[in-house]
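Welcome, and please open the model in your viewer. We will go from one selection to the next and see what is there.

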Amino acid sequence: MAGGPATDRPGPRVQVRRAGRGLSRLAARVPAPWGFVLAVFGGSKVVLSLVGVIALSAWDGVPGTPPADETTMREQQDAVSPHRWVSLWFAWDSFLYDHLARLPLDRPWRDFGFPLLYPFLARPVAPLLGGHTAWTLLLISNLALIFQLYYAHQLGARLLGAGTPGGDDPAGGRRFVRYLLLLPTAFLFQAALTESLFLCLALAAFWYAEQRRWLLVGIIGYFLALSRSVGFLVVVPLALVLLREHRYRLDPRTLRRYLRRGWPLLLVPAGWLTFMAFCRWQSGDWYAYKHAQERGWGITVQNPFRVAYAALTGENSADALRVWCAVAVLVVVLAGLRRAELPYLVYTAIVVLVPLSMGPPVHKSLLRYLLAAFPVGLVLARWTRRASLDTWLTAALAVLQGALFVVWLTYWTHFII
């Protein structure tokens, strides 16, 4: 009889079912909430990368793209990687961070415009990637995003579940994670920028503050202050979490308790003092960073309310739109946070008003800076307990972010960054 020996090899459908069951068993072994966090991170990465590559391909050959003032950025992107799904995540400041990550420390340092945590993290890791500092910066941003989503889930479940019988609201934590990723410019979390690192550290600091683990809060806060200039001011809302433990009492006995437990908070401003000391060591000027920002970008400390009013009443409609977004952030947080969440209201006011105090140069990057206002996502997660509202808001924010992402990719980056 012709033909080879009979086999019992399963068909394709059986193989797919077995593979699916295997993946389900593997996913079940991942401790909560890491399975959800990794799935959300991976899904958003795939979707945004596909949208980005398609948008860039569709824009090829369109007259006037890229604009003349952004051709240099396109050349820098091509130098980072010939693969668009990688290079699209680099823009403007990304290349300055890459420059700082490669500058030798045994020579005079002249670049003081940026805090050093993000580029300095790339230095020990870059050799593992063949010395490719740009790729290392992108890796750090994405790892920070994963941990950002983890701490968002934990903090959101804790705050949204306050007052409930179980004390936690995992579903609320998941909504909080989702809305953080749906904020209009949240695609920047995946770029080679400081957004994900700063927010990861801020969320971690608040999470451990809610758990009253103050030494960890101080250590994380130290690095938070080294990641962005506004970071050292986060000591104020963190201190309010400490004061809230005793209902903001200020009698001598309670003050001694605050000092015994909250002394690690002194590490937060110490982080920024470390950067100032670096400036002094390298240039002889404690305020070299301030002078560099004044020379490079025309940044001077101003009244943030006056800056906002000037934009709202001025002739530049783009600037007015950005400032209205800042106003909307403050209104949403003021309306949606509860009395016990005063520290998060103060935090939001700091991360919105401090950038505005930089003066008109901030307008180009204001939508980027507003990403730090994570309590907005907390309020949205609280308001969308009803499934129908959650679905509609999710869809609306996804469409808005997709539109802004395409705008950003098609070289109108100065509207966002």
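Start by selecting Leu201 and showing its neighbours. Leaving aside residues up to four places away in sequence, Leu201 touches Leu117, Ile220, Phe223, Leu224 and Ser227. Keep in mind that this is a predicted model.

Now colour the helix around your selection: Leu201 sits in helix H9, which covers residues 195–210. Is Leu201 buried or exposed? Its relative accessible area is 13%, and because buried means under 20%, Leu201 counts as buried.

Along the chain, Leu201 and Tyr344 are 143 residues apart, and their C-alpha atoms are separated by 15 Å.

Move on to Phe206. What does Phe206 touch, not counting residues up to four places away in sequence? Its contacts are Leu155, Val234, Pro237, Leu238, Val241, Tyr344, Tyr347 and Phe374.

Phe206 leads us to the largest nonpolar core, which has 120 residues. Select the residues with the most contacts inside this core: Trp89, Phe187, Leu203, Phe206, Tyr347, Phe374 and Trp408. Helix H7, residues 133–160, gives the core its largest share, 14 residues. In soluble globular proteins, nonpolar side chains tend to be buried together.

Stay with helix H7 and pick Leu139, which is found there. With 36% relative accessibility, Leu139 counts as partly exposed.

For the last stop, show the surface and select Leu128, Leu129, Trp135, Leu139 and Leu143. Together these residues make a nonpolar surface patch of about 480 Å².

Conventions:
Residues are numbered from 1 along each chain as its sequence is written. This is a predicted model: local features need pLDDT of at least 70, side-chain atom pairs count only at pLDDT 80 or more; totals for chains, interfaces and linings use all residues. Side-chain values use heavy atoms; hydrogens and water are left out. A nonpolar core is a set of buried Ala, Val, Leu, Ile, Met, Phe, Trp, Tyr and Cys residues joined through side-chain atoms within 4.5 Å. Buried means under 20% relative accessible area, exposed over 50%, partly exposed in between (1.4 Å probe, protein chains only). Helices (H or I, at least four residues) and strands (E, at least two) are DSSP runs, numbered from the N terminus. Contact means heavy atoms within 4.5 Å. Patches are made of residues with over 30% relative accessible area and no salt bridge: like charges are joined within 9 Å, nonpolar side chains (Val, Leu, Ile, Met, Phe, Trp, Tyr) within 5 Å. Accessible areas come from the Shrake-Rupley method with a 1.4 Å probe; for residues, only the protein chains shown count as cover. A salt bridge is a side-chain nitrogen of Lys or Arg within 4 Å of a carboxyl oxygen of Asp or Glu.
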